[in-house]
Amino acid sequence: MKKGRKIKPGRLEQRENMIGYLFILPWLIGIVLLVLWPMIQSFQYSLNRIKLLPQGMAMLYVGTENYSQIFLTDPDFIMGLETYLLETLIAVPVIVSFSLIIAMLLNQKISCRGIFRMIFFLPIIIASGPVMQQLADQEAASIPMMNVTMIEQLLDEYLPHVLAASITSVFSNMITLLWYSGVQILIFLAALQKIDTSLYEAAKIDGGSKWECFWKITLPTVKPMILLNVVYTVIFMSNNEQNSLIVLIYDTMLSATGGYGYASAMAWLYSVIESAIVIFFAVLIMGRKDVYERRAKKYRRELKKEKRLEKKIRKRGERNERKYAKHKQKQEQRQSEKSA
Amino acid sequence: MQNTNKSRSKDSLKKVLSAQNREQMKYKVRKFIFGSKDTEGAGKLAVIYLLLISIGFVYLYPVLYMISKSFMNLNDLLDTSVNWIPSSLYTNNYVQAFKSMDYWKTFRDSIVIAGVPTLINVVICAIVGYGFARYEFKGKKILIGLLLFSFILPPQATMMPTYVFYTNIGLINSLKAFIVPALLGQGIKSQIFILIFYNFFRQIPKVLIEAAKIDGAGHFRIFRKIALPSAAPAILVVFLFSIVWYWNESYLTQLYVVGAFTSSADTYHWSSLIVSLKNFENSYNNARSVAGSGMVDINESIKMAGTMLSILPLLIMYLVLQKQFVESVDRAGITGE
């Protein structure tokens with residue numbers, strides 16, 4: 001070995017880790033070329049008015065005019081946005097809780113489990129845009145026995161109209177919503193099967209009922225999956241071809257009055273809003289602490305309080321002792337003076 | 001006197017016994033219906049089955065509806081007394097839909113459109129996932145964040161520049177428009193597949209890799225000989241889902257591969273079943289005007305037959321591979337955080 005060329009510990013590993021870049025190289029190129037660069041470009045488009053000419057695109061810088069046009073003069077986007085927001089906020093909890101229930105039902109020891117699973121995973125295969133469109137056209141996407149108009153009337157009496165309308169749309173598209181929950185059921189089921197059964201046994205020995213087991217074992221364990229499913233559902237609902245806003249963007253892109261620039265502005269706004277919804281749900285779920293965390297926090301706080309009290313008492317005791325000692329000293333002094 | 005006393009005591013004993021019996025019966029019945037802590041009660045099971053069956057019916061309802069409608073002839077459609085079961089097995093709808101969709105050619109195209117990018121997707125996502133899982137390079141966390149971000153981003157945000165870009169380098173209206181993104185790890189939902197592989201490869205014990213390294217295996221050899229063979233469940237999941245999602249993608253297929261706006265005669269004209277279903281009405285009317293009087297007017301039954309035909313290959317695949325579909329998800333560790 002040559003002098004002065006000492007290999008530092010960890011160097012070798014570091015160099016090996018450089019190989020990692022080689023492995024992810026295709027993806028790195030892809031994300032720069034097909035995600036980041038188009039994003040920047042589309043932002044640039046959104047600040048321009050673009051005309052497609054035979055010799056290429058003609059761009060005319062207009063600043064934020066596209067955005068102000070969306071908010072001030074174009075009614076379609078804002079209206080579509082309103083219904084999209086309401087529907088997403090209502091449909092996501094419905095889908096996620098429904099898929100959790102189905103997954104729990106399927107996780108039990110029942111016969112014909114395979115057949116039931118097959119039925120519930122079927123939508124993953126066939127729930128694509130055009131198929132759903134065809135079914136919705138035939139009105140096969142709503143439950144036949146359900147009287148939607150009655151529900152609508154009932155809701156209209158008690159709730160503001162906008163809310164009632166969106167809840168009704170959830171009911172009338174029930175099958176569509178159920179069909180969108182295939183992947184979610186799959187994820188929940190996989191998570192439920194990973195829960196250690198000894199946990200339930202221990203709870204049973206301690207006298208926990210099924211209800212308590214659900215709230216204190218099942219739910220905290222699948223909590224990360226709930227977040228995953230919520231994010232997946234939001235993305236799926238938003239990037240779906242049935243979504244009216246997506247259709248609007250697509251139409252605008254091809255229309256004579258809109259063009260690429262205007263559509264880019266819409267797409268940008270849309271992605272910002274979608275990310276905001278994802279973040280909203282993430283905060284809502286991860287911000288909520290479960291029973292144990294709360295209890296542990298409370299316990300810690302009480303412990304601290306007790307300690308403080310203890311300290312206080314000790315200090316007071318010390319002070320009192322000192323006082324007492326002083327007092328005694330004085331008394332002794334006085335006595336000695338008296339005796340003297 | 002003694003006798004009556006005796007009989008009375010017997011009576012009371014009987015009463016007590018019968019009361020006990022009744023209690024026991026009650027307990028047994030309750031146990032039978034609600035179940036104890038160890039076993040499920042029959043009543044509870046019945047409720048579970050009832051729920052599963054009724055929800056299952058709701059799930060299957062559109063499919064059943066589709067099948068039943070697709071076999072109805074025009075008279076059955078108009079007849080209000082025919083609700084579910086058609087009066088005769090009328091297969092002409094399928095024949096008509098089959099013709100108007102140009103089924104064999106479309107079917108072959110669909111398989112190629114779904115299959116080729118899927119194969120590339122599996123390979124590339126496995127490589128990238130392995131890279132993320134095995135090596136600790138600088139900026140890994142940021143890159144994973146970027147991966148998640150690109151998953152959240154709606155495709156519309158990047159669609160227009162991408163379309164222009166593809167047009168400029170001549171990818172549009174050919175299968176290349178699907179192959180190139182898949183090669184660069186940006187295919188349809190590739191992010192999910194990368195994450196699946198990432199999760200899976202992280203579970204491979206490091207000892208195994210170190211042992212291979214000591215035996216003189218290089219990085220790619222370790223990947224090929226140790227990581228890949230053990231990732232069979234993950235590969236299966238990615239393969240199945242990728243094929244399904246590519247098959248069902250109508251929007252991007254129409255935009256990039258089929259060519260919605262520009263269709264030149266000299267190149268091969270791609271088509272896929274889902275896209276042709278999307279434009280079913282138009283294509284049917286076109287076919288009808290070409291064929292002349294041989295085809296009837298379009299109606300619901302023909303549309304349903306077309307829908308059925310377009311999902312039939314996937315349905316068959318599902319029925320054959322349903323066990324793999326259901327089980328692979330547990331084994332692939334999608335949820336192994």
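# A walk through the cavities, patch and salt bridges

The largest cavity in this structure has a volume of about 1,000 Å³. Keep in mind as you look around that this is a predicted model. A search of the whole structure turns up 4 cavities of 30 Å³ or more. If you wonder how such spaces are found, rolling a probe the size of a water molecule over the atoms shows where empty space is left.

Let us stay with the largest cavity for a moment. Its lining is made of 46 residues, and those nearest the centre are B:Pro155, B:Ile188, B:Lys189, B:Glu249 and B:Leu252. The element that gives the most to the lining is helix α7 of chain B, residues 156-168, with 5 residues.

B:Lys189 has a positive phi of about 55°, although it is not a glycine. You will find B:Lys189 in chain B, in the loop between α8 (176-183) and α9 (190-202). Is B:Lys189 buried or partly exposed? Its relative accessible area is 23%, so B:Lys189 counts as partly exposed. The cut-off for buried is under 20% relative accessible area.

Now turn to the salt bridges. Over all chains, the structure holds 2 of them. In one, the side chains of B:Asp109 and B:Lys105 meet, at 3.3 Å from N to O. Both B:Asp109 and B:Lys105 belong to helix α5 of chain B (residues 103-134), where they sit 4 residues apart, about one turn of the helix. B:Lys105, with a relative accessible area of 22%, is partly exposed.

Another salt bridge joins B:Glu136 to B:Lys140, and here the closest N and O atoms are 3.3 Å apart. B:Glu136 counts as exposed because its relative accessible area is 53%, while B:Lys140 is buried, with a relative accessible area of 11%.

From here, move to the surface. Which residues form the nonpolar patch there? They are A:Leu22, A:Leu25, A:Ile29, A:Leu33 and B:Phe220, and together they have about 430 Å² of accessible area. Helix α1 of chain A, residues 11-46, supplies the largest share of this patch, with 4 residues. A:Ile29 is found in helix α1 of chain A. Its relative accessible area is 41%, so A:Ile29 is partly exposed.

Two more stops remain, each about a pair of residues in one chain. In chain B, B:Lys69 is found in helix α2, residues 42-70. B:Lys69 counts as buried because its relative accessibility is 15%. Along the chain, B:Lys69 and B:Trp84 are 15 residues apart, and their C-alpha atoms are separated by 7.6 Å.

In chain A, A:Thr176 lies in helix α8, residues 174-179. With a relative accessibility of 13%, A:Thr176 counts as buried too. How many residues separate A:Thr176 from A:Leu135 along the chain? The two are 41 residues apart, with 9.4 Å between their C-alpha atoms.

Technical notes. Residues are numbered from 1 along each chain as its sequence is written. Chains are lettered from A and ligands numbered from 1 in the order in which they are written. This is a predicted model: local features need pLDDT of at least 70, side-chain atom pairs count only at pLDDT 80 or more; totals for chains, interfaces and linings use all residues. Side-chain values use heavy atoms; hydrogens and water are left out. On a 1 Å grid over the protein atoms alone, a cavity is a set of points where a 1.4 Å probe fits but cannot get out, and a pocket is an open set with protein on both sides within 12 Å along at least five of seven lines; lining residues have an atom within 4 Å of a point. Grid points are joined across faces, edges and corners, and a volume is the space filled by probe spheres set on the points. Helices (H or I, at least four residues) and strands (E, at least two) are DSSP runs, numbered from the N terminus. Patches are made of residues with over 30% relative accessible area and no salt bridge: like charges are joined within 9 Å, nonpolar side chains (Val, Leu, Ile, Met, Phe, Trp, Tyr) within 5 Å. Accessible areas come from the Shrake-Rupley method with a 1.4 Å probe; for residues, only the protein chains shown count as cover. A salt bridge is a side-chain nitrogen of Lys or Arg within 4 Å of a carboxyl oxygen of Asp or Glu. Buried means under 20% relative accessible area, exposed over 50%, partly exposed in between (1.4 Å probe, protein chains only).
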